[in-house]
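Keep the 3D view open and try each task before you read its solution.

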Amino acid sequence: MIKKILIIILLFLALSCSGPVPDCNKQLSSCPVLFPDYTDITIPCNIAPLNFYVKGSDRISVLVKGKSEYRFSSRSSLIEFPLKKWKKMLENEKGNILDIFVIAKSNGECLDYLPFKWTVAMDSIDHYLSYRLIEPAYEVWNHLQIYERNLENFDTHLLGDNDIAGHSCINCHTSNHGDIQTTFMHVRGANGGTIYSRNGVVRKLDMKTEKYGAAVYGEIEGSGRYGIFTTALIMPILHSYRTERLEVFDKKSDLILVDFDKRIVSSSPLISGEEFQETFPCFSSDYNKIYFCRASHLKQPDSTRKMHYNLYSIDFDKVKGRLGDKINLVFDAEEKNKSVSFPKCSPDGKYILFSVSEYGTFPIWHTDTDLWMMNLATGKIDTLNNTNGRYSDSYHSWSSNSRWIVFASKRDDRVYGRPYFAYVDDSGRVSKPFVLPLKDPESYLVSLKSYNIPELYNTPEAYNAVKLKKLYYKADKEIFKNITSEIK
Amino acid sequence: MVIGVTSAVWMFVIYSSINNRVLARIAGCVFVVLLYVAIGAHFIAFCLLVVLYELKNHRAYLYSVVLLIITMSAPLLMADYYCLTAKRAFFYPIIDGYMMQMHFSFLATEAAILIAVFLGGTKIKQWAAASIVIVVTIAGLLLSCSMKQESVLAAACESYFGHNDKVAGMQSNERYKTYIGAYYKNLAYAQQGKLPDELMNHYQPAYHGLFLNINENVGYMQAMFSTDALVECGDMAQAQHSAMLAMTFTPHQRSSRMLRKLIDISMINGDYDLAEKFASQLEHTIFHGQWARERVKVRENGKRAFLSQQDILFSPNDWYASLENLIESNPANKTAIDYLLCFDLLDKNLGRFKIDYDKYYVPVFGSTPAKIYQEALMMCLDKEESAKDMIYVYNVSDKVCNECIDFLARYEESNGNGLPLKEKFGKTYWFYYYYAQIKK
């Protein structure tokens, strides 16, 4: 009797196992339509499995051919690669080009698609990605969360949740890519401040300026001692045209230099004042320079369409914490009737990547926004035609080895941003991008949140949402001495 | 709530069936924590049942105190794990101001059900139990139900289902006098092409009944409702802004009604990828799936003709900028023109009315002005030298002229006292102009 039961159970298990789709003769002359589109891309050798759907299929069989062959199968339209097998495959195939053969069964029909390619780069990507999840509801927010995602698997870690931080805005989690990882994140609201994390020590800082209020966009230099930030009066306004949606402009803006050790906020007349508007500062890879965007001050919103920001630089003495005495034009965007925002230097110092729009300083709602990359040695601009999508591509970040970039792209539906990665090869060619892999990519479709400000880094953040809650409600703010008004 | 309380009661049944007292008490402590994890705030029902049971049958005072301490501590200890504030940890998943008007009514209802269960047995006890439930339910209803809000929701629902006749016929807003009630009545008339004709026939809270202002403080209901008039006029930019805002502030950021609106707006805008994205949210729902699948297939939409053709920058709630832009893009957009002129009239801005009337109404619809426009024109033309000729040019009827003369005579007679005028002229623009007080 027991034997019979065992045989039945074994038979049941054998029949219910997912097996490969049998070989089929219907050869198609096209690649499968995948969601997300992971066809013909370059991937990091340490990326999490690129699970995908084959639209309209009931069963899928995937054969990956490289140095060796790897078979995967699924009894649904979603292929989920087992993590262990996936990692082993990428490790074995580093530097190789893989051919991916997909056979799908759809409505009783067996379809054999043309193969597509995955190039496994020798270069790994940073282990972690932080991003903010926000409803793209124009100028206001309700529930905001900042997550840290381990890019080698699907683990996520909640860094901030405004549900337990007084419903304040939380934004701009940014890393310095330095030897000692230093990050900052702004938490607004009555008990908020800039959360500064360096070598495991987390502080809450009040860096408000008398003129415009708190620090906004910025970057911290490698040692973690100095930071450069925008401080601005930011105004949202609506477009009447059907798909343009929102315009955000700075009524006034300046740059401030922050000394985190001495707790001083300072500036220079070259990067502040009424005549020009300065924003989006970043350090060069050797920290001897600060790049920033600057435009002539015009009355807004009347002249918002005339606001064209150029890319400038100013020298920086990282030992004394002093700014240089002249500024240099790096890229004249106005000449091309364009506007530059959000410059970011590659850690190897070769390139500077920035967003380019028709006008203004808020690229995420401009559908025309693209990423452009400048070779800092030659000044040559690459418009990254292979990388940019049909809508806004912006808010990018470099990996520590300068071989990967991540950026928020709205290419899928114009409104909801998703993090896309692209490979930058030895000669500076940037590949076709691919979206952040999820365990179930359908989450992208059912989610009504935008992935905002993606940031790559290598060391896990020192705090989490619960610690942030304690910092928000219980920690005292460190008040910084503001000497911006003393500088003439 | 029903599932929560039912689970708690069933857990209590399991608890009470354990004969070994030591085992039962250990189970009680474990169950209370498990129930919190499973059903959230409703776990309190289990605790109260056990405490009452233990006190009645075993006089277990110490155990009851221990269980109450565990019950109070569980939300506090797990608040961080679930990323909740201490207060929300006690009430999760109940959402303040949405599922319950007041938290205490939730507690009172649960307590009443529990007492009823506990008292069940003899007939007298059953009567007592039933009475407690009835009293608490009635008290809860009286305390948390607002007839004013109900009348607003009724208007909004009827409008949602396209029952314009019903909305137009609703009398409740004359009693409750709400902005939203007036707004839906105006919208219903606008959809029938009768906005100016009916403007003075019902309660008007100045221009606040034409468009609903939205900002982060108005709540998601008003933001939801505000999209309707904007879509009607063709202002898809502001309509989408309002719908997104409403969606953002809806509990759990999910609203099928706003998704339907967003699909509609995206389809009108020709933003098909976005429409598909929203439609995919509704695809698996029972009541909206079919609608969503069919809506995204219909790519032609009459409302597209009303879209703004030129891009301007304007602040939310800047109705003038929005309407003027719409009309300049499409001079035949009568809904937008009527809204603009009625806005001027309800704001008592006759100077602006005359300019807008001449600029937008006369070239396309000037031959047949609505009665309220004729009444307003009489007041505008009164100041002009060639008033008589102008009355003819503007097609003001003899009837309106005579009524105006009659109104002015009686107004002078009554020395500005409105009461004698109300019966005959209460529904004229002249009466509104002289006697309605505008709250800016």
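**Exercise 1.** Work out the strand order of the open sheet of 4 strands in chain A, and find its edges.

*Solution.* Start with the order: the strands of this open sheet in chain A run β21-β22-β23-β24, with antiparallel pairing. Next, look for strands that pair on one side only: these are β21 (276-283) and β24 (322-331) of chain A, the edge strands. Neighbouring strands here are turned by 30° against each other on average, direction ignored. Bear in mind that you're looking at a predicted model. In β23(A), A:Ile314 is the bridge partner of A:Ile290.

**Exercise 2.** Find what the salt bridge between A:Glu219 and A:Lys344 ties together.

*Solution.* First check the contact: the two side chains meet at 3.1 Å, N to O. Then place the residues: A:Glu219 sits in strand β17 and A:Lys344 in strand β25 of chain A, so the pair ties together parts 125 residues apart in sequence. Last, check burial, where the cut-off is under 20% relative accessible area. A:Glu219 has 10%, so it counts as buried, and A:Lys344, at 9%, is buried too.

**Exercise 3.** Decide whether B:Arg295 and B:Asp264 are buried or partly exposed.

*Solution.* These two form a salt bridge, with their closest N and O atoms 2.6 Å apart. B:Arg295 belongs to helix α17 and B:Asp264 to helix α15 of chain B, 31 residues apart. B:Arg295 is at 10% relative accessibility, so it's buried. B:Asp264 has 25%, so it's partly exposed.

Conventions: Residues are numbered from 1 along each chain as its sequence is written. Chains are lettered from A and ligands numbered from 1 in the order in which they are written. This is a predicted model: local features need pLDDT of at least 70, side-chain atom pairs count only at pLDDT 80 or more; totals for chains, interfaces and linings use all residues. Side-chain values use heavy atoms; hydrogens and water are left out. Two strands pair if DSSP finds at least two bridges between them. Helices (H or I, at least four residues) and strands (E, at least two) are DSSP runs, numbered from the N terminus. Axes are lines fitted to C-alpha atoms, for helices over the stretch in contact, and angles run from 0 to 180 degrees between N-to-C directions. A salt bridge is a side-chain nitrogen of Lys or Arg within 4 Å of a carboxyl oxygen of Asp or Glu. Buried means under 20% relative accessible area, exposed over 50%, partly exposed in between (1.4 Å probe, protein chains only).
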